[in-house]
Amino acid sequence: MEKPDNTENRILEASGKRKVSSITAENVAFVRALESLKPEGERICYDPFAVRFLSQQYLTFLEMAAHDPSKTPFPGVHNSLSARVRYFDDLTKKFINEGLEQLVILGAGYDTRAYRIEGLSKVRVFEVDHPETQSIKIEKIKDIFGSLPNHVEYVSVDFESEDFSHQLLEHGYERSQKTVFIMEGLIYYLQPKTVDEMLCFIAKNSGFGSAIIFDYVYESSIDRTNGICGVKCTACDQIAIMDAKKDMAQQGEPYKFGVKDGMLETFIVQRGFTQVCNVTSDDYKKAYFQGINEGRPVCCLSYFASAIVE
């Protein structure tokens, strides 16, 4: 059956023409760029550089959605991703104020925190990602700023076939320093063994007060066929969501890892962390979507979390 001609499907088609390793990076940059166009009192997150990472096709989608909010693709997902950016930004700022020495962004994609968050210019930042995505990112950063910033180290790694910890250490990572590891939109694309190894390295090779910030899905959501959110969710077009999920899998980015339902704290504590903070869609809906934003839907599939190295 032919897909209806809507923004969601055109974005999926555009994504399919991109290099596989940069698909999700551009999708998330699109979300940040669109949210950043909203008035200051309305936007959930702000990233003045996100628009610079968009291809011409995505810029066309951006203009459409900016002029007509009803054309915002996957509104529930868009709002949850906007809240995710805000939550991760807020925690990063908190750790900067508490004496952060290193920031490691795993699966950095087109993340721009190193260039837009005040105080990070004095922190050593490691951006770790696939070589293809990172090469595009580096060229974009040069275009925006004229050169690469001195406080950022670019670490090229294929998480599924290479040891990211070895590469990180080779680039000057200091085990004894207070470090925050950001894993935004990452762990559900990795094999369970890779996630375990990643968390094990962090727990055993980070200074006092180090932390992780990540998002995750429950294991039960990975193979779902009857509504990606576990219910007949009205936040997004469910047919379009399932098409997106299939397309991402075909393009080499399927979901591979989920936490057992209700077991996030146990999972994280068993891997050497404490002070686990779990943020549900209800939590970030209450925190960020008030007043003029109260009616914006969020995706109940998406959870955020943080924890401190024990």
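Predicted model: local features only at pLDDT ≥ 70, side-chain atom pairs only at ≥ 80, totals over all residues.
Q: Okay, where is Phe74 found?
A: Phe74 is in the loop that runs between helix H3 (56–67) and helix H4 (75–97). Its phi is near 50°, a positive value in a residue other than glycine.

Q: Is Phe74 buried or exposed?
A: Buried means under 20% relative accessible area. Phe74 has 13% relative accessibility, so Phe74 counts as buried.

Q: Which strand does Gln275 lie in, and what is its phi near?
A: Gln275 belongs to strand S6 (residues 273–279). Phi of Gln275 is near 50°, again a positive value in a residue other than glycine. With a relative accessible area of 60%, Gln275 is exposed.

Q: Next, disulfides. How many does the structure hold?
A: The general idea is that a disulfide is a covalent bond between the sulfur atoms of two cysteines. Here the structure holds 0 disulfides. As for cysteines, Cys277 is partly exposed at a relative accessible area of 35%, while Cys299 is buried at 7%.

Q: How do I check the length of a helix such as H2? What span is expected?
A: You take 1.5 Å times one less than the number of residues. Helix H2 (residues 23–36) has 14 residues, and from first C-alpha to last it reaches 20 Å, close to the 20 Å expected.

Q: And how many of H2's residues are buried?
A: H2 is mostly covered, with 12 of its 14 residues buried.

Q: Let's do salt bridges. How many are there?
A: Side chains of opposite charge can pair when their charged atoms come close. In this model the count comes to 18 salt bridges. One of them joins Arg113 to Asp89, with the closest N and O atoms 2.6 Å apart. Arg113 lies in helix H5 (residues 113–116) and Asp89 in helix H4, so this pair ties together parts that are 24 residues apart in sequence.

Q: Are Arg113 and Asp89 buried or exposed?
A: Arg113 is buried, with a relative accessible area of 1%. Asp89 counts as buried too, at 5% relative accessibility. Arg113 also meets Asp111 in a salt bridge (2.5 Å, N to O), and Asp111 counts as buried at 6%.

Q: Which helix holds Glu139 and Lys142?
A: Both lie in helix H6 (residues 131–145), 3 residues apart, which is about one turn of the helix. Glu139 is partly exposed, with a relative accessible area of 43%, and Lys142 is partly exposed at 36%.

Q: Which residues do salt bridges that share partners join into one network?
A: The network is made of Arg32, Asp47, Arg84, Asp89, Asp111, Arg113, Arg116, Glu184 and Asp215.

Q: Now rings. How many aromatic pairs does the count come to?
A: The count comes to 22 aromatic pairs. Take Phe164 and Phe201: their ring centres are 5.4 Å apart and their planes are at 80°, so the pair is edge-to-face, planes over 60 degrees apart being the cut-off. Phe164 is in helix H7 (residues 164–170) and Phe201 in helix H8 (residues 192–204), so you get a link between distant parts of the chain, 37 residues apart. Both Phe164 and Phe201 are buried.

Q: What kind of aromatic pair do Tyr173 and Phe201 form?
A: A tilted one, 6.1 Å centre to centre with 50° between the planes. Tyr173 lies in the loop between H7 and strand S4 (179–183) and Phe201 in helix H8, so the pair ties together parts 28 residues apart in sequence. Tyr173 counts as buried at 4% relative accessibility. Ring pairs link Tyr173 and Phe201 into a cluster with Phe126, Phe159, Phe164 and Phe181.

Q: Last one: which ring does the charged end of Arg43 sit over?
A: The charged end of Arg43 sits over the ring of Tyr46, 4.0 Å from its centre. Lys94 lies over the face of Phe95, at 4.8 Å from the ring centre.

Definitions and conventions: Residues numbered from 1 in each chain as written. Heavy atoms only, no water. Helix = DSSP H or I, 4+ residues; strand = E, 2+ residues; numbered from the N terminus. Buried < 20%, exposed > 50% of the residue type's maximum accessible area, 1.4 Å probe, protein only. Disulfide = S-S within 2.5 Å. Salt bridge = Lys/Arg side-chain N within 4 Å of Asp/Glu carboxyl O. Phe/Tyr/Trp six-rings, centres within 6.5 Å; stacked < 30°, edge-to-face > 60°. Lys NZ or Arg CZ within 6 Å of the ring centre and 35° of its normal.
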